[in-house]
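Hi,

Here is the structure I said I would pass on.

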Amino acid sequence: MHIITRKSTVWLALTTLVVSLLAPSTPSWAATPEQMLDIVNRTQSITATCSEQIQAPVEASSTTCTSRTYTDKVIIELFQQAIVHSTPSQSSAQQATDYELSMKTTDNEVASYQLSLGHTYSEPALLTISGGSSQIVQEISTKQADILRNLLLKTKSPLTFAVNKVQINSGTKPLPLQYLASIWTTVDYSGNEVGVAGVGYLPGTTDQEIKEKALQLKPSSQLNVQLTGTPTQLNVFMVKDDKYIPQKLNNRSFAVPAKPGYYEYSVSAKWDEFHNITYGFGVYVK
């Protein structure tokens with residue numbers, strides 16, 4: 001027979017909401033790499049809401065707390081690693097809450113926490129988990145607390161989703177896209193921003209790849225551009241004889257020509273100075 005105390009009830013709530021794939025009797029910090037992967041995959045988003053304006057450390061580029069919702073899996077994993085590997089706090093000292101954390105699963109369950117992070121590096125952080133009328137306080141290790149400080153205090157870009165968020169649809173059918181180039185700032189596993197610039201294949205090879213992937217469409221078919229977030233710039237060009245002919249967009253939609261033939265296009269989206277991407281695609285009009 002298992003006797004469950006009030007504190008155990010709170011802990012089981014944590015285990016159920018955050019580490020729902022583990023057995024209730026398994027401590028959350030004992031998650032295997034496979035279980036950790038499942039936890040991350042089942043987390044749809046994490047929202048960090050400022051509970052007060054906090055002063056950033058001298059080396060940080062931000063001076064105030066910024067509230068954000070994250071869907072990037074690397075960022076979600078950084079938060080979940082800190083939570084899953086937290087241990088019961090031995091300190092009785094009270095610390096102010098810096099962030100309210102809300103984690104939503106793919107099953108639309110929500111877990112809420114209070115994060116006392118502070119702005120001083122090389123110190124642990126505290127995580128408060130509430131359940132009913134009780135709460136427990138967990139300690140996040142210095143290493144993982146510093147990772148969260150890098151993420152929450154030093155990141156400059158407001159974008160929190162991963163790359164490859166451009167899609168061209170013909171009705172409900174997506175067209176195959178050929179990656180051409182990008183500049184994308186993301187977050188590494190230390191919580192620091194890293195910028196990655198890339199280009200596709202050589203032009204001749206790329207054109208051939210695009211042509212091989214091209215779909216057949218009816219004359220004057222409408223194509224729609226779908227994107228994550230709100231880009232500051234969106235451009236679609238028809239590429240003909242090394243010339244780029246702008247296509248007029250109406251609610252992010254445009255029409256292919258009425259005349260039969262092969263047509264090649266490029267689509268470019270820019271969100272900010274840290275994020276832009278360009279793809280190529282082709283269509284056969286018949």
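**What turned up**

By the rule used here (a side-chain nitrogen of Lys or Arg within 4 Å of a carboxyl oxygen of Asp or Glu), the count comes to two salt bridges. Before the details: this is a predicted model, where local features need pLDDT of at least 70 and side-chain atom pairs count only at pLDDT 80 or more, while totals for chains, interfaces and linings use all residues. Residues are numbered from 1 along each chain as its sequence is written, and side-chain values use heavy atoms, with hydrogens and water left out.

Arginine 42 sits in the loop between helix H2 (33-41) and strand S1 (43-50), and aspartate 107 in the loop between strand S4 (99-105) and strand S5 (110-116), so the pair ties together parts 65 residues apart in sequence. (Helices, H or I of at least four residues, and strands, E of at least two, are DSSP runs numbered from the N terminus.)

Aspartate 146 and arginine 149 form a salt bridge too, with their closest N and O atoms 2.7 Å apart. Both lie in helix H4, three residues apart, about one turn of the helix. Are they buried or exposed? Both aspartate 146 and arginine 149 are buried, meaning under 20% relative accessible area, where exposed is over 50% and partly exposed is in between (1.4 Å probe, protein chains only). By contrast, arginine 42 counts as partly exposed at 25% relative accessibility, and so does aspartate 107 at 47%.

Cheers
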